[in-house]
Amino acid sequence: MSDDSEIILEASGISKSFGGVKALTSVDFKLFRGEVHAVIGENGAGKTTLMNIIGGVLRPDTGKLVLKGAEVAFSSPLDACRIGIATIHQELAMLPHMSVMENIFMGHMRKHNITRKGLISRKRMISFAKDALDLINLKIDPECPVNKLSISERQGIEIVKALSGNPDVIIMDEPNSSLTGTETDRLFDVIKRLTARGVSVVYVSH
């Protein structure tokens, strides 16, 4: 359910061209807190281009983005993530021979798991990873290698990674393209859990 009193993200007048090809022309987009907003279209419709602009991969030619009432301009996906927008791409970005725990903390280990003496605390990492997995009801051993997990479980790890940055918005690009019917149902349950916490989800599909 959405909170109609709060627009968490707004895009207005977004245009983007690649050479002589116009991918987007004056696109407007509003997302409310705790809302699931579907972006649906055929291949070539421009939905991925729009998501790449919102997620910091591309810069628009014209238009603006407003997040939580303030205009923003992203220089990279990491920049967007730091400000509150995380993207889970169709091609999952994981290190398969590393553990679930290591993949969750990839890129922000210092934020959560450095002791006062400047050492990495494996005990704290395991504890935090278990708590994070519990948020989406994912029953996986944090020390299990990622290459032993199903596609659905790996996708869950990507969601946990996104949540570790406390995002306001999570973009899911074609999240059910490789899932079975049962796995898709589980994904929808995870999305319900996210929106119940006030996270807004943009669900991209063709």
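# Briefing: a salt-bridge network and a helix pair

Lys68 lies in the loop between S4 and S5. The model is predicted. Lys68 belongs to a network of salt bridges that also takes in Glu6, Arg33 and Asp168.

**Lys68**

- The backbone of Lys68 has a phi near 50°, a positive value in a residue other than glycine.
- Lys68 has a relative accessible area of 45%, so it counts as partly exposed.
- The loop that holds Lys68 runs between strand S4 (62-67) and strand S5 (70-72).
- The side chain of Lys68 meets that of Asp168 in a salt bridge, at 3.1 Å from N to O.
- This pair links distant parts of the chain, with Lys68 and Asp168 100 residues apart.

- Asp168 sits in the loop between H6 and S7.
- Strand S7 covers residues 169-173.
- The relative accessibility of Asp168 is 11%, under the 20% limit, so Asp168 is buried.
- Asp168 also forms a salt bridge with Arg33, at 3.5 Å from N to O.
- Asp168 and Arg33 are 135 residues apart, and their pairing links distant parts of the chain.
- Which residues does Asp168 touch, leaving aside its neighbours within four places in sequence? They are Ile8, Arg33, Lys68, Ile83, Gly84, Gly198, Val199 and Ser200.
- Two of the names in that contact list, Arg33 and Lys68, are salt-bridge partners of Asp168, Arg33 at 3.5 Å and Lys68 at 3.1 Å.

**Arg33 and Glu6**

- Arg33 forms a salt bridge with Glu6 as well, and their closest N and O atoms are 2.9 Å apart.
- Arg33 is in strand S2 (residues 21-33), while Glu6 is in strand S1 (residues 3-18).
- The two residues are 27 residues apart, and this pair too links distant parts of the chain.
- Arg33 has 22% relative accessibility, so it counts as partly exposed.
- Glu6 has 27% relative accessibility, so it is also partly exposed.

**The network as a whole**

- Side chains of opposite charge can pair when their charged atoms come close.
- Lys68 pairs with Asp168, Asp168 pairs with Arg33, and Arg33 pairs with Glu6.
- Shared partners join Glu6, Arg33, Lys68 and Asp168 into one network.
- How many salt bridges does the model contain? The count comes to 7.

**Helices H6 and H7**

- Helix H6 spans residues 151-163, and helix H7 spans residues 181-196.
- The two helices pack at an angle of about 15°, with their axes 11 Å apart.
- An angle under 35 degrees counts as roughly parallel, so H6 is roughly parallel to H7.
- Is the crossing of H6 and H7 left-handed or right-handed? The crossing is right-handed.
- On the H6 side, the contact uses Ser152, Gln155, Ile159 and Leu163.
- On the H7 side, their counterparts are Glu183, Arg186, Leu187, Val190 and Leu194.
- The residues of this contact divide into 5 nonpolar, 2 polar and 2 charged.

**Helix H5: Met125 and Phe128**

- Helix H5 covers residues 122-135 and includes Phe128.
- Met125 is found in helix H5 too.
- Is Met125 buried or exposed? Its relative accessible area is 4%, so Met125 is buried.
- Phe128 has a relative accessible area of 28%, so Phe128 is partly exposed.
- The C-alpha atoms of Met125 and Glu102 are separated by 8.4 Å, although the two residues are 23 residues apart along the chain.
- The C-alpha atoms of Phe128 and Ser164 are separated by 9.6 Å, with the residues 36 residues apart along the chain.

**Ser26**

- Ser26 is found in strand S2.
- Strand S2 is also where Arg33 lies.
- Phi of Ser26 is near 50°, a positive value in a residue other than glycine.
- Lys68 likewise has a positive phi, near 50°.

Terms used
Residues are numbered from 1 along each chain as its sequence is written. This is a predicted model: local features need pLDDT of at least 70, side-chain atom pairs count only at pLDDT 80 or more; totals for chains, interfaces and linings use all residues. Side-chain values use heavy atoms; hydrogens and water are left out. Axes are lines fitted to C-alpha atoms, for helices over the stretch in contact, and angles run from 0 to 180 degrees between N-to-C directions. Helices (H or I, at least four residues) and strands (E, at least two) are DSSP runs, numbered from the N terminus. Angles under 35 degrees count as roughly parallel, over 145 as roughly antiparallel, 65 to 115 as roughly perpendicular and the rest as oblique. A crossing is left-handed if the near helix is turned anticlockwise from the far one by less than a right angle, and right-handed if clockwise. Contact means heavy atoms within 4.5 Å. Ala, Val, Leu, Ile, Met, Phe, Trp, Tyr, Cys and Pro count as nonpolar, Asp, Glu, Lys and Arg as charged, and the others, Gly among them, as polar. A salt bridge is a side-chain nitrogen of Lys or Arg within 4 Å of a carboxyl oxygen of Asp or Glu. Buried means under 20% relative accessible area, exposed over 50%, partly exposed in between (1.4 Å probe, protein chains only).
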